[in-house]
Amino acid sequence: MVTRPKYDDGTEYLSYYASLILKEANKLNIIYKDFPGKQANSREICKYLKKKNPKLIFINGHGNVDSLEGDKGEIIFSVDKNIGLLKNKLVYARACHAAINFGKKMVYGNEGCFIGYFTPFSFWMDSRHSAIPSKDNLAKLFLEPSNEIVSFLMKGNNPKISDKKSKKMMIDNIKKILVMEEKKEPGATRWLEVLWNNFEGQKVIGNEYLSF
Amino acid sequence: MTEEENKIKKEEGIKELVLARINFMPSNYKLSIGSEGTFTKDELIQQVSAGSEIGNQVITMQMNFIRALTSGKLLKTINQNG
């Protein structure tokens with residue numbers, strides 16, 4: 001199951017990158033449920049979760065220490081709302097800060113796993129391409145490694161391996177940026193700071209051997 | 001100089017360093033910081049100068065990276081994952 005609201009620059013990019021995962025799922029013949037744009041609302045998502053009980057959940061959007069949001073900032077899951085629906089599930093939340101408290105509460109006392117961030121999930125974009133995320137090669141340096149997590153999970157790898165593969169790609173991108181920095185690419189150091197922020201903030205909480 | 005004055009001076013120094021580093025950015029780049037929004041170079045300079053929550057997040061990101069770089073943590077991580 002994938003949630004991908006699209007109502008500002010940030011969610012526009014996350015939604016596009018989540019769509020790449022859906023294409024991959026098609027190739028792998030994985031049946032999925034997509035909640036794009038306005039469909040990423042609490043009522044529809046919870047109805048689906050109760051009825052179909054999906055095992056792997058990929059959440060895109062804004063978040064904070066205690067909650068994860070859907071369309072236009074609606075809280076879909078929080079420490080006080082709908083968290084029980086995620087019991088024993090494998091969740092990757094591409095959102096800010098939710099690993100700090102929400103993730104810990106989500107896996108408490110069950111066999112579930114939460115992959116998310118202790119830091120604000122951040123990325124640079126090139127405003128010359130911000131209307132077309134697919135053409136923005138700068139944003140790719142930050143968003144492709146996060147897609148790696150779901151890509152590996154879908155292929156049956158456990159969260160520990162998927163996190164490692166994602167971080168390996170982050171390091172490869174850090175190396176690419178270091179080369180650009182040597183060639184005096186303006187702004188390259190700022191990119192490193194943000195990629196390092198995502199690298200350090202990305203954590204696996206709970207059952208790191210759970211697989212899809 | 002009192003301890004408090006020292007702390008203020010140090011914070012001002014860090015802010016100036018961060019602002020100088022942002023100033024070097026080309027203006028076509030924007031930073032997306034989760035639900036806080038997306039910020040241009042000029043907006044980042046405003047946020048850091050004003051000492052807002054966003055500004056402080058940007059300072060934290062830069063300082064964490066500088067610490068990782070100077071302590072050897074970044075190099076060690078690259079070698080372990082490379």
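Residues are numbered from 1 along each chain as its sequence is written, with chains lettered from A and ligands numbered from 1 in the order in which they are written. In this predicted model, local features need pLDDT of at least 70 and side-chain atom pairs count only at pLDDT 80 or more, while totals for chains, interfaces and linings use all residues.

**View 1. Helix α6 of chain A crosses helix α3 of chain B.** Helices are DSSP runs (H or I, at least four residues), and strands are runs of E of at least two, numbered from the N terminus. The axes of α6(A) (residues 188-201) and α3(B) (residues 53-71) come within 9 Å and cross at roughly 85°. The two helices are therefore roughly perpendicular (65 to 115 degrees). Residues of α6(A), including Leu192(A), Val194(A) and Trp196(A), meet residues of α3(B), among them Met61(B), Phe65(B) and Ala68(B); contact means C-beta atoms, placed from the backbone, within 7 Å.

**View 2. Lys72(A) has a positive phi.** The value is near 50°, in a residue other than glycine. Most residues other than glycine have a negative phi. Lys72(A) sits in the loop between β4 (67-69) and β5 (75-78) of chain A. With 15 other C-beta atoms within 10 Å, Lys72(A) is partly exposed (between the cut-offs of 12 or fewer for exposed and 20 or more for buried).

**View 3. Asn82(A), not a glycine, also has a positive phi.** Its phi is about 60°. Asn82(A) belongs to the loop between β5 and β6 (90-94) of chain A. Asn82(A) counts as partly exposed, having 17 C-beta neighbours inside 10 Å.

Key: Axes are lines fitted to C-alpha atoms, for helices over the stretch in contact, and angles run from 0 to 180 degrees between N-to-C directions. Angles under 35 degrees count as roughly parallel, over 145 as roughly antiparallel, 65 to 115 as roughly perpendicular and the rest as oblique. Two residues are in contact if their C-beta atoms, placed from the backbone, lie within 7 Å.
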